[in-house]
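Biologist: I would like to go through this model and ask what stands behind the words used for it. Please set each value against its cut-off.

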Amino acid sequence: SNGIIQGYDGRFGAGEPITRQDAVVILGRALEMNGVEINAADSIGAFEDSTEISDYAQNAFNYFVSNGIINGTDGNKLAPKADCRRAEMAKMLSGLMKPTKRG
């Protein structure tokens, strides 16, 4: 009801894996809902697979990378379309809970 999770292709996808880019977008929407602006300068361009990040996820990825909330994987990649593992989600959540320059 808050628009944090919007589904895809006309469905919610319950029980399906979530991609790294969708996890970043969902967490970004939760931040915005709590008054945090997630605008950031381009910080994804240095990654080898930055062109694979969907348009809807680029702003969130820029914010998460520039704030150290998400890191690249082996081979200097962000792996936006790879499944997000529990450990990766735990790292992002931990990064969001640490005091930073975020509003």
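This is a predicted model: local features need pLDDT of at least 70, side-chain atom pairs count only at pLDDT 80 or more; totals for chains, interfaces and linings use all residues.

Biologist: What makes F61, F64 and M92 stand out in the largest nonpolar core?

Modeller: They have the most contacts inside this core, which has 22 residues. The helices α1, α2 (55–66) and α3 (86–97) each supply at least two of its residues. The largest share comes from α2, with six residues.

Biologist: Why would such residues be found together?

Modeller: In soluble globular proteins, nonpolar side chains tend to be buried together.

Biologist: How do you know that F64 is buried?

Modeller: Buried means a relative accessible area under 20%. F64 has 0%, so F64 is buried.

Biologist: Which residues does M92 touch, leaving aside its neighbours within four places in sequence?

Modeller: M92 is in contact with A23, V24, L27, F64, I69, I70 and C84. Contact here means heavy atoms within 4.5 Å.

Biologist: How many aromatic pairs are there?

Modeller: The count comes to one aromatic pair. The rings are those of Y63 and F64.

Biologist: Why is the pair of Y63 and F64 called edge-to-face?

Modeller: Two rings pair if their centres lie within 6.5 Å, and planes over 60 degrees apart count as edge-to-face. The ring centres of Y63 and F64 are 5.9 Å apart and the planes stand at 65°, so the pair is edge-to-face.

Biologist: Is Y63 buried or exposed?

Modeller: The relative accessible area of Y63 is 4%. The cut-off for buried is under 20%, so Y63 is buried.

Biologist: S50 and S54 both sit in a loop. Why is S50 called buried?

Modeller: S50 lies in the loop between α1 and α2. Its relative accessible area is 15%, and buried means under 20%, so S50 is buried. Leaving aside neighbours within four places in sequence, S50 is in contact with I44 and G45.

Biologist: And what makes S54 buried?

Modeller: S54 has a relative accessible area of 19%. That value is under 20%, so S54 counts as buried. S54 lies in the loop between α1 and α2, and S54 touches Q21 and K81, not counting residues up to four places away in sequence.

Biologist: Why is P17 called exposed?

Modeller: Exposed means over 50%. P17 has a relative accessible area of 57%, so P17 is exposed. P17 lies in the segment before α1. P17 and C84 are 67 residues apart in sequence and 7.4 Å apart in space, C-alpha to C-alpha.

Biologist: What puts M97 in the exposed class?

Modeller: M97 lies in helix α3, with a relative accessible area of 69%. The cut-off is over 50%, so M97 is exposed.

Biologist: Why is G3 called partly exposed?

Modeller: Partly exposed is the class in between buried, under 20%, and exposed, over 50%. G3 has 32% relative accessibility, so G3 counts as partly exposed. G3 is found in the segment before α1, and the C-alpha atoms of G3 and I26, 23 residues apart along the chain, are separated by 9.1 Å.

Biologist: What is remarked on for the backbone of N76?

Modeller: N76 has a positive phi of about 55° although N76 is not a glycine. Its place is in the loop between α2 and α3. At 37% relative accessibility, N76 falls between the two cut-offs, so N76 counts as partly exposed. A79 is also in the loop between α2 and α3, and phi of A79 is near 50°, a positive value in a residue other than glycine.

Biologist: How do you know where empty space is left?

Modeller: Rolling a probe the size of a water molecule over the atoms shows it.

Biologist: Which residues lie nearest the centre of the largest pocket?

Modeller: They are I5, Y8, I18, D22 and I26, from a lining of 17 residues. The volume of this pocket is about 420 Å³. Helix α1 (residues 20–33) gives the most to the lining, with four residues.

Biologist: How does the lining divide by residue class?

Modeller: The lining of the largest pocket has nine nonpolar, five polar and three charged residues.

Definitions and conventions:
Residues are numbered from 1 along each chain as its sequence is written. Side-chain values use heavy atoms; hydrogens and water are left out. On a 1 Å grid over the protein atoms alone, a cavity is a set of points where a 1.4 Å probe fits but cannot get out, and a pocket is an open set with protein on both sides within 12 Å along at least five of seven lines; lining residues have an atom within 4 Å of a point. Grid points are joined across faces, edges and corners, and a volume is the space filled by probe spheres set on the points. Ala, Val, Leu, Ile, Met, Phe, Trp, Tyr, Cys and Pro count as nonpolar, Asp, Glu, Lys and Arg as charged, and the others, Gly among them, as polar. Rings of Phe, Tyr and Trp (its six-membered ring) pair if their centres lie within 6.5 Å; planes under 30 degrees apart count as stacked, over 60 as edge-to-face and the rest as tilted. Buried means under 20% relative accessible area, exposed over 50%, partly exposed in between (1.4 Å probe, protein chains only). A nonpolar core is a set of buried Ala, Val, Leu, Ile, Met, Phe, Trp, Tyr and Cys residues joined through side-chain atoms within 4.5 Å.
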